[in-house]
Amino acid sequence: METGNNYNKEPFEDLKLILYIDQDSFSYSIFNKKKNSFLVVKNYSIENYNFNTIKNIIESDSYLIKKKSYKTLCVIDSYASTFIPTPLFDKSNIDNYINIVSEKDKAYQTKYVKQQFSDSYLIFKLKKDLLELIEKNFQLISLKSTASLIVDYALSLQQLKDNLLLVQVNKSNFHITLIKNGQFIFYNKFHFDTHEDFVYYLMNCLHTLSIPIKNKIILVMSNINKEDILFKKIKKYTQISFMQRPEKFIYENSIIIKESHKHHNLISQIICE
């Protein structure tokens, strides 16, 4: 449902703060759990997880100044991650798991989270200084990596038949997951430098997964405008559909006027909590 909403006098106990951080952006939303409504969405551009920029945003934004009053959900796009089936998961081995897919680095800390909609754990790596900044400033009730969120969000969707591909497209990378007949099959993250790189990596991924052309749904979520050259180029090779905002929530007018495929990295955190 899409309606306006007055959020100036909402009691703090009814609100949740939702954070999303990746290498290019810091964004947040405030959700009223009592009214089932998203009250505000705000996005800042940053460069390569710049610590000082993030710190300044946290200390100066008019909503985030009140951060200690909010229960907070947070997703950070991690440096490295890997999924482990629950029967094979051992908390004492999380560093060993992550070191298989990334080099050891004392500047990073290993974390893990249980998936909501699949029988697995995600192990991921975050910069220690960023992690300490977030933990110091917010009442975290959930901390996840983008990989965890993308997979759970795809599994929560209604189109759980045939081959569902959910793709989150960012300025210089994209996340992709394949859900087949309601089962989690594949996840990966690809970095690209040019529009042609983006098309090549995505199409090669579809080819490698051997997904029938007539038997797939590709859903795109992104904070990039629909008319961007990235989407124009990929449409020459395959059909894509842009995500719609979930109808189960109410949205303030300032959110309604934005394109509906945007800010799912915030909205989905409530669904996948």
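In the predicted model, the axes of helix α1 (residues 51-60) and helix α3 (residues 128-137) come within 11 Å of each other and cross at roughly 10°. Axes are lines fitted to C-alpha atoms, for helices over the stretch in contact, with angles running from 0 to 180 degrees between N-to-C directions. Helices (H or I, at least four residues) and strands (E, at least two) are DSSP runs numbered from the N terminus. The crossing angle makes α1 roughly parallel to α3 (under 35 degrees; over 145 is roughly antiparallel, 65 to 115 roughly perpendicular and the rest oblique). On the α1 side the contact (heavy atoms within 4.5 Å) is made by F51, I54, K55 and I58, and on the α3 side by D129, L130, L133, I134 and N137. The residues of this contact comprise six nonpolar, one polar and two charged; Ala, Val, Leu, Ile, Met, Phe, Trp, Tyr, Cys and Pro count as nonpolar, Asp, Glu, Lys and Arg as charged, and the others, Gly among them, as polar.

This is a predicted model, in which local features need pLDDT of at least 70 and side-chain atom pairs count only at pLDDT 80 or more, while totals for chains, interfaces and linings use all residues. Residues are numbered from 1 along each chain as its sequence is written, and side-chain values use heavy atoms, with hydrogens and water left out.

Rings of Phe, Tyr and Trp (its six-membered ring) pair if their centres lie within 6.5 Å, and planes under 30 degrees apart count as stacked, over 60 as edge-to-face and the rest as tilted. By this rule there are 19 aromatic pairs. One of them, F83 with F184, is edge-to-face, at 4.9 Å centre to centre and 65° between the planes. This pair links distant parts of the chain, F83 lying in strand β5 (residues 80-85) and F184 in strand β11 (residues 183-191), 101 residues apart. F83 is buried, at a relative accessible area of 19%, whereas F184 is partly exposed, at 23% (buried, under 20%; exposed, over 50%; partly exposed, in between; 1.4 Å probe, protein chains only).

The ring centres of F231 and F242 are 5.1 Å apart and their planes stand at 90°, so this pair is edge-to-face. F231 belongs to helix α6 (residues 229-234) and F242 to strand β13 (residues 241-242), eleven residues apart. F231 is buried, with a relative accessible area of 1%, and F242 is buried at 14%. One aromatic cluster is formed by F174, F190, F192, F198, Y200 and Y201.
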